[in-house]
Amino acid sequence: NEFCKNLPKIELHAHLNGSLSSQTLKKLGCFDESIEEYHRLNKVMERSSRTLDECFLLFKVAHNATRTKEAVYTATKDVIEEFFNDNAIYLELRTTPRSEECMTMEEYVETVVKAIQDNKLNIIVKLLLSIDRRYQLPASDNVMNLIIKMKNKYPDIIKGVDLSGNPNVGIFNSELFKKAKESGLSLSLHCGEVKNDKEVEEMLFLNPDRIGHATCIHPKYEGSEELWNLYCQKLIPAECCLTSNVVCGTSKSYANHHILEWIKNDLPFTISTDDKGVFNTTLSTEYELLQRHFDLNDSDLWKINYNSIDYSFAESSEKDKLRDIMLEWKTKYM
Ligand code: 5GP
């Protein structure tokens, strides 16, 4: 609807390669069949059983399309432009440093940063660098060292570290993320996408600045009441991705989405796309879904979006600017 589309929006959870649109994939030389593969999830959605592992196969299509510096640059530029066209005024992109035949991990990060620096559109863009759960020591430590080095080189752009990748794979290494925190990086950890109370507890004790998804932190899970209480004490903002969770089957339906507990209990959350390309969504669509399934009015949506500024990793002067834009918009249009 018009309100969700026109609202100046804050996006805090968008994976670069998962955000590539069909147009960008085509531009990068992907054939129609592989794009179809990318959108195969629409078909997977109709089946009664789908797995998170199945969803993760789709990232390979995007990764195949961004194996050169030129492609990474184009991909980043296009994603920024598409969020801007959807009226996002602030975007935190995240991506996993990757080496390819003709590009080192460092060059990959440099290229994404360059595309962000070259952005002339009226949208503030920051970068989070992701550690894939698949990496074990010493590889994960090497990636973290690179992330810290790049953050020191581009402190205005690189703001945080993310832990992502298939949640059924790998282990969470708390020490690694302590090191990121100590070096001044903010933390956003994918947390509780699948049931793993011990890991969730360990993550919460680390006090990350935000957590991604938080699907399995829920008062109704038998035996997980303590974990829920711990979360309620910590009040760490959750990045909620409605379409992604429903498509991947970690939430049974929109109506059953765990965000309901956050709304009911007035807990901090933000609305995000996760992978707008893979899941064929937009940030406006996510707000529309939130409104439709949880009976919220325009003022509620405005406030949820406004609160997201607090949870962002922007500089405080940038946060002030974003608040001004949103307050002005409210006065004019609401
Ligand atoms: P990239 O980091 O290559 O720019 O974006 C794609 C990557 O983001 C995927 O390969 C995966 O590691 C991570 N990712 C994207 N969506 C999700 C998600 O919903 N959950 C988790 N855990 N990781 C994700």
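**A close look at Ser21**

A: Leaving aside neighbours within four places in sequence, Ser21 is in contact with Asp78, Glu82 and Gly277. Two residues are in contact if their C-beta atoms, placed from the backbone, lie within 7 Å. The model is predicted: local features need pLDDT of at least 70, side-chain atom pairs count only at pLDDT 80 or more, and totals for chains, interfaces and linings use all residues. Residues are numbered from 1 along each chain as its sequence is written.

Where does Ser21 sit? Ser21 is in the loop between strand S1 (9-15) and helix H2 (22-27). Helices (H or I, at least four residues) and strands (E, at least two) are DSSP runs, numbered from the N terminus.

Phe177 is 156 residues from Ser21 along the chain. Their C-alpha atoms are separated by 31 Å.

Now the ligand. It is surrounded by 17 residues, and the closest are Leu16, Asn17, Thr95, Thr96 and Ser164. A residue is near a molecule if its C-beta atom, placed from the backbone, lies within 6 Å of it. This shell has three nonpolar, 10 polar and four charged residues. Ala, Val, Leu, Ile, Met, Phe, Trp, Tyr, Cys and Pro count as nonpolar, Asp, Glu, Lys and Arg as charged, and the others, Gly among them, as polar.
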